[in-house]
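Student: I would like a close look at a single part of this model, with the terms spelled out as we go.

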Amino acid sequence: MIVTEKIQQYVQRLPSSFQEEVLDFVEYLLAKAEHELRRREVRAWSDMSLRLAMRGMEDDDTPSYTTSDLKVVFA
């Protein structure tokens, strides 16, 4: 028996007020899943954007700075 069939059997045995609670919970879980999917998509776009922006920079020499490069020295 698959999970959806088991859920359906259990829900049918519940009083209608509890079935409404199950419906509310299922709607909450769907909203949570959609939010997580959107968050992953945004993260993927952000990562890709950063990779593209930094492309080619990995070969650049890293500058080395000394205290003589400072314009203002705080004591």
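Student: In which helix do R43 and D47 both lie, and how many residues apart are they?

Tutor: This is a predicted model, in which local features need pLDDT of at least 70 and side-chain atom pairs count only at pLDDT 80 or more, while totals for chains, interfaces and linings use all residues. Residues are numbered from 1 along each chain as its sequence is written, and side-chain values use heavy atoms, with hydrogens and water left out. R43 and D47 both lie in helix α2, four residues apart, about one turn of the helix (helices are DSSP runs of H or I with at least four residues, numbered from the N terminus). Their side chains meet in a salt bridge at 3.4 Å, N to O, where the term requires a side-chain nitrogen of Lys or Arg within 4 Å of a carboxyl oxygen of Asp or Glu. R43 is exposed at 53% relative accessible area, whereas D47 is partly exposed at 30% (buried is under 20%, exposed over 50%, partly exposed in between, with a 1.4 Å probe and protein chains only).

The structure holds three salt bridges, and E36, R39 and R40 are linked in a network of them. R39 pairs with E36, the closest N and O atoms being 2.8 Å apart, and these two residues sit three residues apart in helix α2. E36 also meets R40 at 3.3 Å, N to O, and because E36 and R40 are four residues apart in helix α2, about one helical turn separates them. An α-helix has 3.6 residues a turn, so residues three or four places apart point the same way.
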